[in-house]
Amino acid sequence: MLSFFKKPIFSDYRFIFGVYALLTLFASTRIVILLDSNNYKIFYYSLYHLIDGVSLYNEYPAEYGDHYHYAPTFAALFSPIFGLPFRLGLFLWHFLFAGVWVLAIYRMPFTHQQKVFAYWFCLQELFTSLVNSQTNPFIAAIPLFAFISFEKKQPIWAAFFIVLGFNIKIYSLVAAALFLLYPQKPRFLVAMVGWAVVLGLLPIFFTSPAKLWWQYELWVNQLLIKSDHDKWANTSIHRLVHTFISPDVATPVIIGFGVVLFCTVYIHTKRFGQRWFRMLMVASVLIFQVIFNPVSESPTYITAVTGVMIWWFYCPRSLLDKTLLISCLVLTVFSPSDIFPPVLRDRFVLPYVLKALPCVLIWFRIIWQMHIPSSTGASADVHNSELSLGKSY
């Protein structure tokens, strides 16, 4: 079976992109024709609520279930799609976000072999997000584009991507942690403020200043309500703690513990100039913003699994690392799919939050690796630079 996948065609970008295009076409067509999408309805009607000057955050049962949780800027950002007929916009929606994620992986400074591995490993997880018409592939791409901008000494563009992500899902702001690894810090911070103003005022093209201010007040209130989410309705470290340790552990305590542990790696200032350290920081950011999010759901894990891929390229590849990667493939990637036994999913994976567990363990492994680096990190940098001098694909 493995030898079958070693055939050259499976390493050909044209074939891989074709598979992604067909998979997206299948998911999008199926949703448009057979299933419809409550998530997209929430996004779609936000533009019309913004234009009409009514609350973006009220319930509108005649249009969709649940609430709109995004910034007012979100409605303005995607107005070119939301302004299209509903079915056409829904069809294109999936191609937009799948395409952005595929492009982000392609632009990353990975070797050809690493990109191929990432595309195949993440394929099912991306599909899980697409069938829910989620924005998560875009959120997974944001830290990658920010990282690429930082590496190219373009802090203004890095700030743009981070603020853009924040206006879609606020935990994208975690990617701002990367700026401490790079020079031009004041320029980045000024750019963050500038982009926050520009993007924050973008909805002014669709509503009045007073109405826009009112919408932002409602948004803040909605975020506070959402943060008080049912502790048993998430797929994250929060539910793992509440299940296996104590249901009385407060959400801020768990997040605070994660933030402190996350920040401990900044003591290694001499390692900021080493590629492997910065790469692991990107992996940490991607996984952190999912596992410590108290409202994470299964479709959000395309972000965490993208981080797992980056970790795998720079980990020691010990038996422990291989076991963690396989557990991620089985429990995180495949458990929501039809190929996973439903009995195991219903009796073990869902009740014990096993989809989250491998990513949580890998995140702790990343923090450990950044504190206690082996020769693997340096070797990976040398190996990648050597491969990058080889054949260009």
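What follows is a walk through the fold, the charge pairs, the cysteines and a few individual residues of this protein. The model is a predicted one, so local features are given at pLDDT of at least 70 and side-chain atom pairs at pLDDT 80 or more, while totals for chains, interfaces and linings take in all residues. Numbering starts from 1 along each chain as its sequence is written, and side-chain values rest on heavy atoms, with hydrogens and water left out.

Overall, the protein has 18 helices and zero strands, these being DSSP runs (H or I, at least four residues, for helices; E, at least two, for strands) numbered from the N terminus. The radius of gyration is 21 Å, close to the 21 Å from the globule rule for 393 residues, so the protein is as compact as a globular protein of that length. That radius is taken over C-alpha atoms, and the rule is 2.2 Å times the number of residues to the power 0.38. Along the principal axes, the C-alpha atoms fill a box of roughly 60 × 50 × 50 Å. Of the 393 residues, 52% count as buried (buried is under 20% relative accessible area, exposed over 50%, partly exposed in between; 1.4 Å probe, protein chains only).

Phe244, Ile245, Leu344, Phe348 and Tyr352 make up a nonpolar surface patch of about 530 Å² accessible area together. Such a patch joins nonpolar side chains (Val, Leu, Ile, Met, Phe, Trp, Tyr) within 5 Å, using residues with over 30% relative accessible area and no salt bridge. Phe348 sits in helix H16 (residues 342-349) and is partly exposed at 42%.

Now for the charges. Seven salt bridges turn up, each a side-chain nitrogen of Lys or Arg within 4 Å of a carboxyl oxygen of Asp or Glu. Glu151 pairs with Arg278, their closest N and O atoms 2.6 Å apart. Since Glu151 lies in helix H7 (residues 136-151) and Arg278 in helix H13, the pair ties together parts 127 residues apart in sequence. Lys355 and Glu125 also meet in a salt bridge, at 3.2 Å from N to O. Here Lys355 is in the loop between H16 and helix H17 (357-371) and Glu125 in helix H6 (residues 112-130), 230 residues away; both residues are buried. Asp36, Lys41 and Arg87 are linked in a salt-bridge network.

As for the cysteines, the whole structure holds zero disulfides (a disulfide being two cysteine sulfurs within 2.5 Å). The sulfur of Cys122 is 8.3 Å from its closest cysteine sulfur, in Cys328, too far for a bond. Cys359 is in no disulfide either, with the sulfur of Cys328 4.4 Å away.

Ser284, in helix H13 (residues 275-291), is buried at 0% relative accessible area. Beyond its neighbours within four places in sequence, Ser284 contacts Phe262, Trp363, Ile366 and Ile367. Val241, in helix H11 (residues 237-244), is buried at 12% and, with residues up to four places away set aside, touches Ser246, Val249 and Ile254.

Terms used:
Patch = residues over 30% accessible without salt bridge, like charges linked within 9 Å, V, L, I, M, F, W, Y side chains within 5 Å. Areas by Shrake-Rupley, 256 points an atom, 1.4 Å probe, with all protein chains shown as cover. Contact = heavy atoms within 4.5 Å.
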